[in-house]
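Here is a short report on aromatic contacts. Have the model open while reading.

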Amino acid sequence: MMIDNKVGIYIHVPFCLSRCHYCDFCSTRATGEDILHRYTEQVCREIEMISDKIKAEKGSLPVADTVYLGGGTPTLLSEDMIARLLCAVNDAFGIEKDAEMTAEANPKTADREKLFAMRSLGINRLSIGMQSMHDSELKALGRIHKSADFLGIYEQARGAGFDNVSVDLMYGIPNQTRQSFAESVERLISLSPEHVSSYCLTVEEGTRFDKMRDSLSLPDEDTVSDMYADMTDVLQKSGYEKYEISNFSHKGRQSLHNIKYWERESYLGFGPAAHSFFDGVRYAHTRDIEAYLCGEDIYTDIENISADEARREAVMLGMRLSRGIDIKKFNSHYACDFEALYGRAFRKYCPEYVSLDSNVCRFTHKGMFVSNFILSDVLDFGD
């Protein structure tokens, strides 16, 4: 079987200075250089092991055209540790000359020296967790930074040569108002980052917010919907393209790595809780950080994706993109009839929520607000 000749590489760094109140990601408190070094070496061993396995089974290796250091807090790693990880990827798979190489950054754990070092190592895209420009809202989220910290790292990133910066923005925060969110959006736009990722706060089981659920003062659903609509309108009027439900960018500055997820292209994840999708198989890593560090039980789930599951995933993920699904390409790639499988279900929502013709199926602007409901209905219809 032929394998993709390109692959995205994701490296999870499961360490933070403290856990935000809303976070249910796999992470633990950083306890010193020893554990960070031990983690770095284990990831490098895993990268080499997986490379050897693919080469032995398939006879060839894909080259990495995107690399993403996510977390957790990748900027807790030293320059030498980051260099070690990138060298391991390059030695095992090779990294394309013009690859998109992203690192997430917390405003409290990156300084001018580290940013310059990261840029010199080839990292050419920075994703900064701003969340809000109001200190009271940041405090409510349990963030360790203040708005001034964000502004500082943003300026330093530009000074270090980063010309592709993404900023995370959150709405639905406790005590947040439509007006306060609009102020955060306007202040963000004034900085003109190349990319904006927006997230609606959800209270996940097991988080601190989950324990505080009864006392949280959260914006109601109508207000949250208004926040999203306001943000979308202002960003688009300011020259940002909404290319995915939660992501906006200047022209040509979409996240190439994340597009791999939405288009079901190959990616390999390394580190605790990381996921991979390669050669039609999905892999999930253990969330047990100590077990991972010991090299035990790295994979907790290996799933071969059936043809029907692949089609469903392609619909669910493809409809997240503003351009929607190219029906001719879908039918060719998945050897099926999109109209017969899903057309009648989608047509129930035309034209107000879904735009569907013989070429493309996509959500309208209004449909994006209720996409989860529509997709749930459509995919159940496809049984």
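## Overview

The model is predicted. A search of the whole structure gives 14 aromatic pairs. A pair of aromatic rings is described by the distance of the centres and the angle of the planes.

## Tyrosine 171 and tyrosine 228

Tyrosine 171 belongs to strand E7 (residues 165-171), and tyrosine 228 to helix H8 (residues 221-237), so the pair ties together parts 57 residues apart in sequence.

Both partners are buried by the under 20% cut-off. Tyrosine 171 has 7% relative accessibility, so it counts as buried. Tyrosine 228 also counts as buried, because its value is 5%.

## Tyrosine 243 and tryptophan 262

Here the ring centres of tyrosine 243 and tryptophan 262 lie 6.1 Å apart. The planes meet at 65 degrees, so this pair is edge-to-face. Tyrosine 243 is in strand E9 (residues 241-244) and tryptophan 262 in helix H9 (residues 256-262), so parts 19 residues apart in sequence are tied together.

Tyrosine 243 is buried, at 5% relative accessibility. Tryptophan 262 is buried as well, at 11%.

## Cluster and charge

Which residues do ring pairs link into a cluster? They are Phe330, Tyr334, Phe338, Tyr342 and Phe346.

A charged side chain also meets a ring. Arginine 119 lies over the face of phenylalanine 162, 5.9 Å from the ring centre.

How values were computed: Residues numbered from 1 in each chain as written. Predicted model: local features only at pLDDT ≥ 70, side-chain atom pairs only at ≥ 80, totals over all residues. Heavy atoms only, no water. Phe/Tyr/Trp six-rings, centres within 6.5 Å; stacked < 30°, edge-to-face > 60°. Helix = DSSP H or I, 4+ residues; strand = E, 2+ residues; numbered from the N terminus. Buried < 20%, exposed > 50% of the residue type's maximum accessible area, 1.4 Å probe, protein only. Lys NZ or Arg CZ within 6 Å of the ring centre and 35° of its normal.
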